[in-house]
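Colleague: Before I rely on the labels attached to this chain, I would like to hear how each was reached. Could you take me through them?

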Amino acid sequence: MALTSEEIRKIIAPLLLSGAKMLDKHCPKCGSPLFEKNGRIFCPVCEYREQQRKKEMRGIEEILMERIKILINNLPEDPGEMKEHLEIIERLIRILEHYKKLEGLE
Ligand SMILES: [Zn+2]
């Protein structure tokens, strides 16, 4: 994905101000110039996007966790309804695990 002007403004400009050195190389993934700071070479845009992605994932995970907790705290007495309820909880937990796995991916 190419750089947006917002990303340049929000990521690259502050980085230059912070004393990071812009290198003559570009990130193969997003086309941003690579930077060097404290001996570390990195792509600030890919790092930023990765952080945003993780933040989003955690938001989704939190919502799922909330839903699961509410369902667990409100289990119905009726055995038929209870079974349905537990199936929904199981499904939500599976979705949650799926997101956790995605979050761990680089
Ligand atoms: Zn990049």
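Modeller: Let me begin with a term: buried means under 20% relative accessible area, exposed over 50%, and partly exposed in between, with a 1.4 Å probe and protein chains only. This is a predicted model, in which local features need pLDDT of at least 70 and side-chain atom pairs count only at pLDDT 80 or more, while totals for chains, interfaces and linings use all residues. Residues are numbered from 1 along each chain as its sequence is written, and side-chain values use heavy atoms, with hydrogens and water left out.

Colleague: Why is S32 called buried?

Modeller: S32 has a relative accessibility of 0%, and the limit for buried is under 20%, so S32 counts as buried. S32 is found in the loop between β1 (21-26) and β2 (33-37), where strands are DSSP runs of E with at least two residues and helices are runs of H or I with at least four, numbered from the N terminus.

Colleague: What does S32 touch, leaving out residues up to four places away in sequence?

Modeller: With contact taken as heavy atoms within 4.5 Å, S32 touches L3, I12, K25, H26, C27, C43, P44 and V45. As for V45, it lies 13 residues from S32 in sequence and 6.7 Å from it in space, C-alpha to C-alpha.

Colleague: Why does E61 count as buried?

Modeller: The relative accessibility of E61 is 9%, which is under the 20% limit, and therefore E61 counts as buried. E61 sits in helix α2 (residues 44-73) and, leaving aside neighbours within four places in sequence, is in contact with L96, Y99, K100 and E103.

Colleague: How does the radius of gyration of the protein chain compare with that of a compact globule?

Modeller: The radius is taken over C-alpha atoms, and the globule rule is 2.2 Å times the number of residues to the power 0.38. A compact globule of 106 residues would come out near 13 Å, but the protein chain has 21 Å. Its C-alpha trace spans about 65 × 25 × 20 Å along the principal axes, and buried residues make up 27% of the 106 residues.

Colleague: Where do the domains of the protein chain run, and what separates their centres?

Modeller: The bounds come from an automatic or database domain assignment, which gives domain 1 (5-46) and domain 2 (56-104). Taken over C-alpha atoms, the centres of domain 1 and domain 2 are separated by 39 Å. The elements of the protein chain run α-β-β-β-α-α from the N terminus on.
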